[in-house]
Amino acid sequence: MQTVQKTKINETLKKGDEYMQKHMPKEALNEYLKTLFSEKRNPKSYLGVSRAYKELKEYDKAIKHLEKAKNIASFDYEIYYELGLNHLLNTDFEKATKNFRKTIKLNPDFLNAQVQLAISHELMDEPEMAYKIYEKIIEEKPDFIIAHNHKAGLLMSMGDFEEAARIFFDILRIDDEYFRAYLGLGICFDKMEKYSYAVRFYKKYIEKNPEGEAVKSIASRIIDICSVTKDRTNCNLRIAK
């Protein structure tokens with residue numbers, strides 16, 4: 001009987017996961033809650049419920065269910081990671097930091113948790129600490145583009161566009177299809193008033209990501225630059241509608 005019940009719970013959890021993959025959190029939440037009615041000490045059910053609430057931007061409810069999951073499975077690093085994310089989204093950066101550190105302690109190789117820890121320090125106005133974390137990640141995993149990208153973004157926020165540009169070039173050496181690096185280079189050269197380079201990389205970004213949300217505003221910026229610099233040859237743009 002218990003095996004049959006367990007099978008049904010797993011099937012319902014799988015259905016909830018499928019709804020989440022389809023970005024249908026309300027439907028997913030309904031499925032995850034069904035499993036809790038059958039078994040109240042299933043940490044996977046609480047994790048599912050919390051992820052659905054997070055998608056619905058109900059972070060307090062997500063945290064409440066994650067705390068219950070933590071009481072059942074106190075050594076599950078995913079629970080602490082999700083707690084960190086929800087506290088971060090709920091603008092409680094100190095609690096976010098605490099949970100990301102616990103995640104890393106339980107799973108030192110979980111790079112996304114290290115990145116989120118660095119982001120938490122950025123939001124706490126501790127850029128030096130964030131920078132050190134990005135440096136450590138890159139030292140251990142040189143091809144981890146996400147860390148490079150966040151490090152470059154941090155440098156841009158500090159006004160160091162030259163060094164940020166260097167990092168974006170490093171990213172393109174790892175993966176020349178990483179379109180965000182072209183946008184970053186465009187912004188860096190724009191801020192440094194090297195407008196011909198800015199236009200070149202803005203256009204490359206549009207080429208690589210023609211349906212991106214930022215394309216129209218970037219195209220407008222290119223036209224503004226060309227108008228000021230009187231460089232009409234670079235203003236031929238093809239924008240996806």
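**Close-up views of a helical chain**

View 1. With a relative accessibility of 8%, His148 counts as buried (buried means under 20% relative accessible area, exposed over 50% and partly exposed in between, using a 1.4 Å probe and protein chains only). This is a predicted model, in which local features need pLDDT of at least 70 and side-chain atom pairs count only at pLDDT 80 or more, while totals for chains, interfaces and linings use all residues. Residues are numbered from 1 along each chain as its sequence is written, and side-chain values use heavy atoms, with hydrogens and water left out. You will find His148 in helix α9, residues 145-157 (helices are DSSP runs of H or I with at least four residues, strands are runs of E with at least two, and both are numbered from the N terminus). Leaving out residues up to four places away in sequence, His148 touches Ile138, Pro142, Ile167, Ile171 and Ile174 (contact means heavy atoms within 4.5 Å).

**View 2. The chain as a whole.** Take a step back and count: the chain has 13 helices and zero strands. Its radius of gyration is 22 Å, well over the 18 Å that the globule rule gives for 241 residues, so the chain is more spread out than a compact globule (the radius is taken over C-alpha atoms, and the rule is 2.2 Å times the number of residues to the power 0.38). Along its principal axes, the C-alpha trace spans about 75 × 40 × 30 Å. Of the 241 residues, 44% count as buried. Among contacts between residues at least 6 apart in sequence, 41% join residues at least 24 apart.

**View 3. Asn86 in helix α5.** Asn86 sits in helix α5, which covers residues 77-89. Is Asn86 buried or exposed? Its relative accessible area is 0%, so Asn86 is buried. Setting aside neighbours within four places in sequence, Asn86 is in contact with Lys54, Tyr59, Ala62, Ile63 and Leu66.

View 4. A pair of aromatic rings is described by the distance of the centres and the angle of the planes. By the pairing rule, the count comes to eight aromatic pairs (rings of Phe, Tyr and Trp, with its six-membered ring, pair if their centres lie within 6.5 Å; planes under 30 degrees apart count as stacked, over 60 as edge-to-face and the rest as tilted). In one of these pairs, the ring centres of Phe169 and Phe201 are 5.7 Å apart and the planes meet at 75 degrees, so the pair is edge-to-face. Phe169 belongs to helix α10 (residues 161-174) and Phe201 to helix α12 (residues 195-208), so the pair ties together parts that are 32 residues apart in sequence. Phe169 is partly exposed at 30%, whereas Phe201 is buried at 6% relative accessibility.

**View 5. An aromatic cluster.** Look for four residues here: Tyr77, Tyr81, Phe100 and Phe110 form one aromatic cluster.

View 6. Lys57 is not a glycine, yet has a positive phi of about 65 degrees. Lys57 lies in the loop between α3 (43-55) and α4 (59-72), and at 62% relative accessibility it counts as exposed. Asp125, also not a glycine, has a positive phi of about 60 degrees. Which loop holds Asp125? Asp125 is in the loop between α7 (111-123) and α8 (127-140), and it is exposed, with a relative accessible area of 66%.
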